[in-house]
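Okay, thanks everyone for coming.

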Amino acid sequence: MRPWFTESLGDFCRQTPAQIAARLAYEQAARFGTLELKQRDSWEASAALLQDALAEGDANWHIFMECDLLRLEKRADAILLTDRAIFVLEFKMGAQKPDLTDLRQTDNYAMDLHDFHAGSRGVPIIPILIAPSAPQRAPDLPLFWHGVAPVMVANAAMLRAIVARAQATIPLPATPIDAHAWARSAYRPVPSVLEAARLLYRRNAVPDIGATRADAHNLTRTTEAIARVIGRAQAEGGRYVVFVTGIPGAGKTLCGLNLVFGALRESGAAFLSGNVPLVTVLREALARDAAPGGGAAFQAAERAARTALQNVHRFLEHHVIHAHETPEARIIVFDEAQRAWDQAQATRDGQRRKSHLSLSEPAHTLEIMARHDGWTVIVALIGNGQEINTGEAGLAEWGRVIAAAPSWRAVAARRSITTADPAQRLAEGAAPWLAFDDDLDLQTPIRSLRTSRGTEWVDAVLRGDAPAARAIAAATPELPYYITRDPIAWRAALRARTRGLRRAGLVASAGARRLRAEGLGVQVPDIADWFLKRWPDIRSSEALEAFATEYDCQGLELDVVGLAWGGDFLRHAGQWRARRFAGHQWQIVRGAEEQRYILNTYRVLLTRARYETIIWVPPGSAADDPFHDITRPAAETDALAEFLIASGAQPIEALPKQPEPAPDLAQLL
C-alpha cells in the first residue's frame, strides 16, 4: 500500500487545505503526467472537512491520503489511524446522493485492508462514506469492536461524533497502533483470475500483484523455470513442451496469463484454452475494461482480446484447414492441457460442426507449432484431478506424441511420471526426451484466502475418509466449508459473507438433474454476464438465481460459493456412489472412467471459492409424504449431510457469530 500523502494529525492541521491539495496534485502529476483541476478542488474541500471534523483529535494520530490498493487499481481517499482503530474514509463531495456503488466500494476498501494488510489484522476497522449532504443522525456503532464495522454514511458533524464515540468505546490495546510500523506492513493482495487478467493486461506483473502468503513465491519460481526453458529453446533453436502441473487453485491460469500478458507480451504469445466459458469471460472482461463505453472502441478491444485469448479447438481447426500457415505466436500457453481431446473425440463430427482433425489434439499441436523455423515452445498447464469429460486425452497422450516426434523435447516436474493414474503419467519412468524441473509443480493453493488446507480437506472427503477430513478440520478452525439443509438460510449466509465487492454465486453439477424439484433448475444463460454484472442486475451471479455447472466455472472462481449438492454423487453403504439420470430414474454408473469424471466434477465445484463454500444438501422427499418422490429420497440426502458434518463441514447453526450483520446498504441511501 502506497499512500500519496502521510502526516501526523498535528502537522496535517497546521497546513492549509490548499497546501495539502497542492502536494496531492504534485503526486498526481508525477505519476500520470496530468493535473486535474477539479480533483485538486475536491482534495482541498476534503482536507478542510477533515481538519474541521478532527480538530479535537490527538496530534499523534496519522492521516494517509490517496492510498493505492493495487488489487483494485483504485485508491482509498483517506485513512485515519488512531491509537486503537483504523477509519477508512471515502468522500462524496458533490451534492448528489451516494449510491450503492459508493457504499460497496467504501466497504470493500475496509475489507481489503482486513484481509490483505498485515498491520490491519486484529485492529477494528471502521469504513465511513462522507457526504456533506448526508442527513444528521446519531452514530450507529457496533457493540463489539473487532473485524470490520458496518459501513456508515456521515456528514462532517457526524464524522466528528463517530470518531469520538469509537475512541471512547474501543479499548486501548496493550500495544497502541504504531503508525510508522503500520505504514511499513506488507500489503499483499491476491487477485482473482479476472482481476489478474485485467491487471496483467494493463502491464502489471505477478510480483507487483503480490500474494497474501509468503509461500506463494512458488508461482514466481514456476514462471522463472518456464523462462529458463524458453531461453534454452532460443539458444539451441529447439522445440520444447513445458508442463506446469498443480493442484486446484494453485495459480496455473494466473501463471499462464502472466506469461502471455507479462514477460512474453512483446513476443505475441497466445493463451489457448478449450474451456469456452473461461475464454468468453476473460475476453469480455478485458474488452469491457478497455472500452466501458462500448461502440467502435469496444469492438477494437474485443479483437485484441481475441488475439491474446483463443479457443484451442478453433486454433487447431484453423491451422489444420490452412495446412501451410505458420501460427503467428512462436510461444503458446495451452490451458488445461490434460483435457486436450484424444483422437476419437478430436475427429468426431459434432451437431454443429464437421471435424477437420485427423489426429489427437496434442499431436496436431506439435505439428502446427513445428511449422516455425527454429525454436518454439508450448507451455502446457495441467490441472490434476480435474478431468470431467469423455475424450480427454491426459498426459499419457502428450508423452506418446512427443516420444514419436524426434525434434521435440519436454520439461516437467518429476511427479508427472509418478502419479497413480496411468492416463496422467507423461511417461513410464525416465525418457530420453524428458528433463525434470520440480519448480514446474505448483503445490501451494493460493485461491483460498482462509487456509491452504482446503484442497487437502476436499481430497479426504472425496476419498470417503471422514476421520482424515475431520482431523484436518479440527486442526484448521478457519476451514471455509459449511453446510445447511435450508435453501433460505443458504442464500442468507451467502449474502452475509459478500460485503463490499465480494461476489457470491450458486454452482451445481450438470448431472444434478433433480435439483429442479427442489426449486433450483435454471442454469446460467450468459456466463459473461453472470461473472461480470453486479447486483441489482438480475443477470449477475449475485442474484443467486441461476447456477453455474462445472463446465461453466472451471478455471474461474467466486469469492463465496453456494454449492447445491445433487443426487448424482451420494453416499451408499459407506461409499461414494456415482449416478446419472435417464428418463424418470437414476442409473448407477459402473464404468470407472465415468465415475472418475463425476468425482472430479465435485472436486472442481468444491474448489471454486476464494473465501467460503456453503454447501446446500436438499432435504429430499420424506418417505411418508403422500407425494413421495423416489428420485430424491430424504434418507439419501440425510446420509450425505451426516457424512459431510462428520468430515468437519460446519453446520450453519454452528457458525461463529458474525461481528455484525452485513449492513443493509439500501437503507443507508
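Predicted model: local features only at pLDDT ≥ 70, side-chain atom pairs only at ≥ 80, totals over all residues.

As for where Glu557 sits, that's the loop between helix H21, residues 550-553, and strand S18, residues 558-564. And is Glu557 buried or exposed? Its relative accessible area is 12%, and the cut-off for buried is under 20%, so Glu557 counts as buried.

Now another loop residue, Val589. You'll find Val589 between strand S21 (585-588) and helix H22 (592-606). Val589 is buried too, with a relative accessible area of 2%. What does Val589 touch, if we skip residues up to four places away in sequence? That would be Ala578, Arg579, Arg580, Glu594, Gln595 and Ile598. And if you want a sense of scale, take Ala174: Ala174 and Val589 are 415 residues apart along the chain, and their C-alpha atoms are separated by 61 Å.

Okay, on to helices. My pick here is H17, which runs over residues 454-463. Seven of the 10 residues in H17 are buried, so this helix is largely enclosed by the rest of the structure. Which ones are they? Gly454, Thr455, Trp457, Val458, Ala460, Val461 and Leu462. As for what those buried residues pack against, we have H18, strand S15 (481-484), strand S19 (569-572), strand S20 (575-582), H22 and helix H23 (634-646).

Let's zoom in on H17 and H18. H18 covers residues 466-475, and the two helices pack at an angle of about 160 degrees with their axes 8 Å apart. Anything over 145 degrees counts as roughly antiparallel, and H17 and H18 therefore fall in that class. Their crossing is left-handed. On the H17 side, the contact uses Glu456, Trp457, Ala460, Val461 and Arg463, and they meet Ala468, Ala469, Ile472 and Ala473 of H18. By type, that's seven nonpolar, no polar and two charged. One more detail: just after H17, Gly464 takes a positive phi of about 80 degrees.

H2 is residues 17-32, H3 is residues 37-53, and they pack at about 135 degrees, with axes 8 Å apart. That angle makes H2 and H3 oblique to each other, and the crossing is right-handed. H2 brings Pro17, Ala18, Ile20, Ala21, Leu24, Ala25 and Gln28, while H3 brings Gln39, Arg40, Trp43, Glu44, Ala47, Ala48 and Gln51. Sorted by type, the residues of this contact come out as nine nonpolar, three polar and two charged.

Over residues 204-215 pLDDT stays under 50, and the model has 34 contacts for them beyond four places in sequence. Residues 657-668 are also below 50, with 20 contacts beyond near neighbours in sequence.

That's me done, so over to you.

Notes
Residues numbered from 1 in each chain as written. Heavy atoms only, no water. pLDDT = per-residue confidence, 0-100. Contact = heavy atoms within 4.5 Å. Axes fitted to C-alpha atoms, helices over the stretch in contact; angles between N-to-C directions. Helix = DSSP H or I, 4+ residues; strand = E, 2+ residues; numbered from the N terminus. Parallel < 35°, antiparallel > 145°, perpendicular 65-115°, else oblique. Left-handed = near helix turned anticlockwise from the far one by under 90°. Nonpolar A, V, L, I, M, F, W, Y, C, P; charged D, E, K, R; others polar. Buried < 20%, exposed > 50% of the residue type's maximum accessible area, 1.4 Å probe, protein only.
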